[in-house]
Amino acid sequence: MKPLFAKDLEPFLDRFTHFRDTELRHVEIVSPTVISVLFAVQDRARDFDWITVELEFNGVSDAKLIDSSKLSFLDMSEGLNILYEENTFAFGIGRCDTKSSIQTSTCYIVSSSLKYKQGSF
């Protein structure tokens with residue numbers, strides 16, 4: 001896993017077109033303060049080949065998750081957003097421009113740190 005820093009968020013999201021039209025494959029509660037989310041996504045850096053990207057949120061302070069049986073029904077046409085505000089990362093599905101709008105999302109996570117890992121499709 002590689003750490004994802006606040007300064008790298010926008011290039012990271014642009015590389016994966018804000019995860020628009022991706023597939024949310026798996027959400028796992030690893031521990032009370034660690035949540036892992038796995039996506040199938042197209043990568044601009046690889047001529048839009050499909051890969052997997054796993055996001056690992058550490059120091060989770062707030063979250064609203066979706067039951068695994070409903071992941072395939074989640075509309076990802078608007079993608080997701082990750083913000084860094086008030087020394088926390090805020091992740092939300094859909095068009096979320098502020099931390100408060102993220103917390104009204106279908107699925108969101110607020111954490112103190114964020115890591116990612118790329119894998120094969």
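Arg 15, Asp 43 and Arg 46 are joined in a network of salt bridges, a salt bridge being a side-chain nitrogen of Lys or Arg within 4 Å of a carboxyl oxygen of Asp or Glu. The model examined here is predicted, so local features are given only where pLDDT is at least 70 and side-chain atom pairs count only at pLDDT 80 or more, while totals for chains, interfaces and linings use all residues. Residues are numbered from 1 along each chain as its sequence is written, and side-chain values rest on heavy atoms, with hydrogens and water left out.

Helices (H or I, at least four residues) and strands (E, at least two) are DSSP runs, numbered from the N terminus. Asp 43 is buried at 0% relative accessibility, whereas Arg 15 is partly exposed with a relative accessible area of 23%. Here buried means under 20% relative accessible area, exposed means over 50%, and partly exposed lies in between, with a 1.4 Å probe and protein chains only.

The structure holds 6 salt bridges. One of the bridges joins Arg 25 and Glu 23, at 3.4 Å from N to O.

Another bridge, between Lys 117 and Glu 54, has an N to O distance of 3.6 Å. It connects strand β9, which holds Lys 117, with strand β4, which holds Glu 54, across 63 residues. Lys 117 is partly exposed, with a relative accessible area of 42%, but Glu 54 counts as buried at 19%. Strand β4 covers residues 49-58. The side chain of Glu 54 also makes a polar contact of 2.6 Å with that of Ser 36; a polar contact is a pair of N or O atoms within 3.5 Å, where within protein one must be able to donate a hydrogen and the other to accept it, and residues adjacent in sequence count only if both atoms are side-chain atoms. Neighbours within four places in sequence aside, Glu 54 is in contact (heavy atoms within 4.5 Å) with Met 1, Ser 36, Val 37, Leu 38, Lys 115, Tyr 116 and Lys 117.

Asn 58 also lies in strand β4, and this residue is buried, with a relative accessible area of 15%. Not counting residues up to four places away in sequence, Asn 58 touches Thr 33, Val 34, Ser 111, Ser 112, Ser 113 and Lys 115.

Attention now turns to the nonpolar interior. A nonpolar core is a set of buried Ala, Val, Leu, Ile, Met, Phe, Trp, Tyr and Cys residues joined through side-chain atoms within 4.5 Å. The largest such core has 30 residues, and Phe 12, Phe 19, Phe 39, Leu 55, Leu 80, Ile 82 and Phe 91 touch the most other members. At least two residues of this core come from each of α1 (9-15), β2 (23-31), β3 (34-43), β4, β6 (80-85), β7 (88-93) and β9 (113-120). A separate core of 6 residues includes Ala 90, Ile 102, Tyr 108 and Val 110. Beyond four places in sequence, the contacts of Phe 91 include Phe 39, Leu 55, Leu 80, Ile 82 and Ile 102.

At the level of the whole chain, there are 2 helices and 9 strands, in the order β-α-β-β-β-β-β-β-α-β-β from the N terminus. The radius of gyration, taken over C-alpha atoms, is 13 Å, close to the 14 Å that the globule rule (2.2 Å times the number of residues to the power 0.38) gives for 121 residues, so the chain is as compact as a globular protein of that length. Its C-alpha trace spans about 35 × 35 × 25 Å along the principal axes. Of the 121 residues, 45% count as buried. Among contacts with a separation of 6 or more, 55% are between residues 24 or more positions apart.

Finally, Arg 95 sits in the loop between β7 and α2 (99-102) and is exposed, with a relative accessible area of 69%.
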